[in-house]
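Reader: I would like to learn how to read the charged side chains and the fold of a model. Could we go through them one at a time?

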Amino acid sequence: MRMTMPHNNDDIFSLRNLAIHRDQARANLKRDSEEARERLKPANLVSEAKSKAAQRVRAVGTSAVNGIRANPGLSATVAATATLIAMRKPIARLIANRKPSGPDQTEE
């Protein structure tokens, strides 16, 4: 296969631009692949995951605080209910182990 040399300046200019664009694309690809390799290192992935998780926790916390401030009565009701649910076994044990005293005592 025999290549012929370009005959006019437009062809030379086009070939030169193609070569420049090819070199730029090659440099961009090399830079992007190096950045991707660095980002995909396990330590960097873990660090990024921790950072994103911390941001989400802060956002949820802020949202919860704003919700509590907006609805203090509802928040108190929910907190009291959650406390009673969490303490139901100890409260039941306390009631079951209670010894009857003086006037409240009933005989069967």
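Reader: Is Arg-22 buried or exposed, or partly exposed?

Author: Buried means under 20% relative accessible area, exposed over 50%, and partly exposed in between, with a 1.4 Å probe and protein chains only. Arg-22 has 45% relative accessibility, so Arg-22 counts as partly exposed. Asp-23, at 39%, is also partly exposed. This is a predicted model, in which local features need pLDDT of at least 70 and side-chain atom pairs count only at pLDDT 80 or more, while totals for chains, interfaces and linings use all residues. Residues are numbered from 1 along each chain as its sequence is written, and side-chain values use heavy atoms, with hydrogens and water left out.

Reader: What does Arg-22 form with Asp-23?

Author: Side chains of opposite charge can pair when their charged atoms come close. The term salt bridge is used when a side-chain nitrogen of Lys or Arg is within 4 Å of a carboxyl oxygen of Asp or Glu. Arg-22 and Asp-23 form one, with their closest N and O atoms 3.2 Å apart. A network of salt bridges links Arg-22, Asp-23 and Arg-26.

Reader: How many salt bridges does the count come to?

Author: The count is 7 salt bridges. Among them is the pair Glu-38 and Lys-41, at 3.2 Å from N to O. Glu-38 is partly exposed at 42%, and Lys-41 is partly exposed at 43%.

Reader: Where do Glu-48 and Lys-52 lie?

Author: Helices (H or I, at least four residues) and strands (E, at least two) are DSSP runs, numbered from the N terminus. Glu-48 and Lys-52 both lie in helix H2, 4 residues apart, about one turn of the helix. Their salt bridge has its closest N and O atoms 3.4 Å apart. Glu-48 is partly exposed at 24% relative accessibility, and Lys-52 is partly exposed at 40%.

Reader: How many helices and strands does the protein chain have?

Author: The protein chain has 4 helices and 0 strands, in the pattern α-α-α-α along the sequence. Of its 108 residues, 0% count as buried.
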